[in-house]
Amino acid sequence: MNVLAICHDIEPLESPQAIQIGRHLAHLEDCGILLVSGGAGAGPAAAIGGLLHHLRVGDPATTPRLAQRIGRLALPVYAKTPDGLGRWRAAVLGQIDGWLAGLPVKPDVIASFGEPMSDHLIALEVKQRTGLPWLAHFSDPWSDNPFRRGGPLTRHLNARLERQVVAAADVVVFTSEETAELVGRRYDGPTRAKFHVVGHGFDATLYPAPGRREGKLLVRHIGSFYGNRTPFPLVRALQRLALSRPDLAGQVRVELVGSMPERMISTLRAMPLPPGLLTTVGPVAYGVSLARMVQSDLLLLIDAPAKTSVFLASKLIDYIGSGRPIFAITPPGTAQRVVRLLGGTSAEPNNPDAIANELARVIEACLHQRALAEGMGAYDSDLQRQFAAPAVAARLRDCLTQAVAQRST
């Protein structure tokens, strides 16, 4: 089966989307990949063994002066409908017919991966031109995404585009059951029957061997903070822990690895903590981040406050691959369910007392296991394998096969 994969972000870019989609494609057994992507630089041939041909279309860098003036007026809507990549979409659609016509092999199915959602709009046009079966993969919800800013017009336009994509796709894939349920509320039964869930996957070959750690218990959060996703729920809990359990806080070192806006850094500096309890480290390369996961005693997941969260962070799946215990500061929803399924624990971001209490309990358990010279976080092997890249890619391949079968009947 030859797959025409459309994804703006792909390796060697080290964004979560590029890494995850590249991993899916790399582990699709018995599939040839005809890849369409954005960006610049060398292609990911070494990472995607089944890559047959690659059309890389760089994002247009210049805009005519008149278009710039018009764009300033339309930007609040244009940049979010769906993602400001209209000129890149046009460039791809202007080249893709000729590229496909010149290939010695032909695709059997289209697979588009959003974010960005422009990937789906390109696939929609290609399907209309070719009649190929189509799988649309959503790593995030589209019009239901609470973090997609914009006014009523933007929301209306995004909802309309989403309906067009969902109606035309033969199979629609989401990364969590909660996302499928959220989006499915607005569609009828026959449409929801096209919905499938395929999560993210970790690559077990990328982690170094763990070594025994000495000294203070090392608790790490690895990942960037932005928007409403801040370290402050953790810091407030650490302040409470330092007051109520100074003996416990003195045995711990918490490290935040990743980028953070300057405004957050300034606020963080103004929140007093005992010396050495919390340190910050800038962003690191992806491979280094996996090594730091393995070298930690406890890993932290921190999500933005919300009533519920349907997001399955790829970082959480990388955490699972490391085998280290996880404490999640997250609302009810996908991450909470997955962490608890694996035997981890969680508390909601807007409850610092609960965070402090649960964190103290987990730290005590980690210290106890260390005293016994035993490791924590060795998940049930069958459960962990569900998140391994080959198993996840096999589920995606089943969905692609179903898309082809539905179009042939």
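A residue is called buried here when its relative accessible area is under 20%. The legends below describe close-up views of a predicted model.

View 1. Helix α6 covers residues 177–184, and six of its eight residues are buried, so the helix is largely enclosed by the rest of the structure. Glu-178, Thr-179, Ala-180, Leu-182, Val-183 and Gly-184 are the buried residues of α6.

**View 2. Lys-194, a buried lysine in a loop.** The loop between α7 and β7 contains Lys-194. Because its relative accessibility is 15%, below the 20% limit, Lys-194 counts as buried. Leaving aside residues up to four places away in sequence, Lys-194 touches Val-166, Ala-167, Ala-169, Asp-170, Val-171 and Val-172. One of these, Asp-170, is 24 residues from Lys-194 along the chain, yet the C-alpha atoms of the two are separated by 6.7 Å.

**View 3. Helix α5, its span and its buried residues.** Helix α5 comprises 17 residues, 152–168. At 1.5 Å a residue the helix should span 24 Å, and its end C-alpha atoms lie 25 Å apart, which agrees. The buried residues of α5 are Thr-154, Leu-157, Asn-158, Ala-159, Leu-161, Glu-162, Val-165 and Val-166. An α-helix has 3.6 residues a turn, so residues three or four places apart point the same way. His-156 also belongs to α5, but this residue is partly exposed, with a relative accessible area of 44%. From His-156 to Leu-124 the distance is 19 Å, C-alpha to C-alpha, and the two residues are 32 apart in sequence.

**View 4. The packing of α4 on α5.** The axes of α4 and α5 are 10 Å apart, and the helices pack at an angle of about 50 degrees. That angle makes α4 oblique to α5. In passing α5, α4 forms a left-handed crossing. From α4, the contact involves His-120, Leu-121, Leu-124 and Lys-127; from α5, it involves Leu-161, Gln-164, Val-165 and Ala-168. By residue class, this contact of α4 with α5 has five nonpolar, two polar and one charged.

**View 5. The packing of α3 on α4.** Helix α3 (residues 86–101) packs against helix α4 (residues 118–130) at an angle of about 30 degrees, and their axes are 10 Å apart. Because angles under 35 degrees count as roughly parallel, α3 is described as roughly parallel to α4. The crossing of α3 past α4 is right-handed. On the α3 side the contact is made by Trp-88, Arg-89, Val-92, Leu-93, Ile-96 and Asp-97, and on the α4 side by Ser-118, Asp-119, Leu-121, Ile-122, Glu-125, Val-126 and Arg-129. These contact residues of α3 and α4 divide into seven nonpolar, one polar and five charged.

**View 6. The crossing of α11 and α12.** Helix α11 (residues 286–294) and helix α12 (residues 314–322) cross at roughly 50 degrees, and their axes come within 9 Å. The two helices are therefore oblique to each other. Their crossing is right-handed. Tyr-286, Leu-290, Met-293 and Val-294 of α11 meet Asp-318, Tyr-319 and Ser-322 of α12 in this contact. The residues of the contact of α11 with α12 comprise five nonpolar, one polar and one charged.

View 7. The buried residues of α1 are Gln-17, Ala-18, Ile-19, Gln-20, Ile-21, Gly-22, Arg-23, His-24 and Leu-25. Most residues other than glycine have a negative phi, and most peptide bonds are trans. In the loop between β1 (2–6) and α1 (16–26) lies Pro-12, and the peptide bond from Glu-11 to Pro-12 is cis, with omega near 15 degrees. Glu-115 and Pro-116 are likewise joined by a cis peptide bond, with omega about -10 degrees; Pro-116 is in the loop between β4 (109–114) and α4. Asp-30, in the loop between α1 and β2 (32–37), has a positive phi, near 60 degrees. With a relative accessible area of 67%, Asp-30 is exposed.

Conventions
Residues numbered from 1 in each chain as written. Predicted model: local features only at pLDDT ≥ 70, side-chain atom pairs only at ≥ 80, totals over all residues. Heavy atoms only, no water. Helix = DSSP H or I, 4+ residues; strand = E, 2+ residues; numbered from the N terminus. Expected span 1.5 Å × (residues − 1). Buried < 20%, exposed > 50% of the residue type's maximum accessible area, 1.4 Å probe, protein only. Axes fitted to C-alpha atoms, helices over the stretch in contact; angles between N-to-C directions. Parallel < 35°, antiparallel > 145°, perpendicular 65-115°, else oblique. Left-handed = near helix turned anticlockwise from the far one by under 90°. Contact = heavy atoms within 4.5 Å. Nonpolar A, V, L, I, M, F, W, Y, C, P; charged D, E, K, R; others polar.
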